[in-house]
Amino acid sequence: MAAQMLDAYSQAPTTAMASKREQAKAKTRRALLKSALRLYSIEGAQGMSMNKVAKGAGIAQPSFYNHFDGLEALQNELSAQLQANYLSPMRAAWINMVTDYDTLSKTAFNERCQHCLTMIFEAAFKNIGLFQHLLEDRTRMGGNIGDTTAAMAQNSSTLTSGLGHLINDIQAEWTQIFIQGLQLANRTVDRTAVHLCVDMAAAQVHELILGCHQQRYSKKQAITALSASFDALFAKFLYRNALDNHIVDSV
């Protein structure tokens, strides 16, 4: 018994030291992610570099590799975190609205839709710089007509796959959210129709968020207009058969 107690005592400092090292490593890893997010929000992906990210986290560039294999690995993890943080608070609300769509009165749909859109606007305006750069870099990732092959290759190399594809990844997740809602409503899912609906809705949302940021109109005006537009989009692309309950307000 005495020998076992002695062994446990001798191992305790080693375990404590290992725990402290892991905590310190996790803290530095979080600092690198925060540094990258801050830098991206200000400069976009084109302004990011491993040296800048490391400096912002208070470490030397060679130490970066103790935490990530490279800048792309960091951006991929940051992208996954941003996507989860953005979608998690609103996923259930959107699924429920799509699920209940056939049975909602026009007033009830507008209330639900405006609530869901308000969450999207609030998420975007928490870091509008990040939102703007994500849209800009998404365009660069795709390349524009007239871009040279060399220029497009440079864009892809600079942006990597992580943050450059985040908007597309989020839209793909929106498609799955709509499909899940339709399936819960026992609806036949036309994936082409859902993709069209989501792509058109996302384009409108992005444009009006930027318009609000430029103070061309208020958030309330934008959300009201989007809700009416979404009503028409849903009716057109989701092939709802029972229109009566939705078009006429319940008495």
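In the predicted model, the side chains of Arg91 and Glu173 meet in a salt bridge with an N to O distance of 3.1 Å, a salt bridge being a side-chain nitrogen of Lys or Arg within 4 Å of a carboxyl oxygen of Asp or Glu. The pair links distant parts of the chain, Arg91 lying in helix H3 and Glu173 in helix H7 (residues 166–184), 82 residues apart; helices here are DSSP runs of H or I with at least four residues, numbered from the N terminus. Arg91 is partly exposed at 27% relative accessibility, and Glu173 is partly exposed as well, with a relative accessible area of 23%, where buried means under 20% relative accessible area, exposed over 50% and partly exposed in between (1.4 Å probe, protein chains only). This is a predicted model, in which local features need pLDDT of at least 70 and side-chain atom pairs count only at pLDDT 80 or more, whereas totals for chains, interfaces and linings use all residues. Residues are numbered from 1 along each chain as its sequence is written, and side-chain values use heavy atoms, with hydrogens and water left out.

The axes of H3 and H7 come within 9 Å and cross at roughly 25°, axes being lines fitted to C-alpha atoms, for helices over the stretch in contact, with angles running from 0 to 180 degrees between N-to-C directions. H3 is therefore roughly parallel to H7, a description that applies to angles under 35 degrees, while angles over 145 count as roughly antiparallel, 65 to 115 as roughly perpendicular and the rest as oblique. The crossing of H3 and H7 is right-handed, the near helix being turned clockwise from the far one by less than a right angle, and anticlockwise in a left-handed crossing. On the H3 side the contact (heavy atoms within 4.5 Å) includes Leu82, Tyr86, Met90, Arg91 and Trp94, and on the H7 side Ile170, Glu173, Trp174 and Ile177 are among the residues involved. By class, this contact of H3 with H7 has 14 nonpolar, five polar and three charged residues, with Ala, Val, Leu, Ile, Met, Phe, Trp, Tyr, Cys and Pro counted as nonpolar, Asp, Glu, Lys and Arg as charged, and the others, Gly among them, as polar.

Helix H3 (residues 71–100) also packs with helix H4 (residues 106–125), at an angle of about 165° and with the axes 10 Å apart, and the two helices are therefore roughly antiparallel to each other. The crossing of H3 and H4 is left-handed. Residues of H3 including Tyr86, Met90, Trp94 and Asp100 meet residues of H4 that include Phe109, Arg112, Cys116 and Ile120, and the residues of the contact of H3 with H4 divide into 13 nonpolar, one polar and two charged.

Asp100 forms a salt bridge with Arg112, the closest N and O atoms being 2.9 Å apart. Asp100 lies in helix H3 and Arg112 in helix H4, so this pair ties together parts that are twelve residues apart in sequence. Asp100 is partly exposed, with a relative accessible area of 27%, and Arg112 is likewise partly exposed, at 29%.

The count of salt bridges comes to seven, and one of them joins Lys52 to Glu43, with the closest N and O atoms 3.0 Å apart. Lys52 is partly exposed at 38% relative accessible area, as is Glu43 at 36%. Leu39, found in helix H1 (residues 2–43), is buried, with a relative accessible area of 11%. Leu39 and Lys52 are 13 residues apart in sequence and 8.0 Å apart in space, C-alpha to C-alpha. Leaving aside neighbours within four places in sequence, Leu39 is in contact with Gly44, Gly47, Met48, Ser49, Lys52 and Val53.
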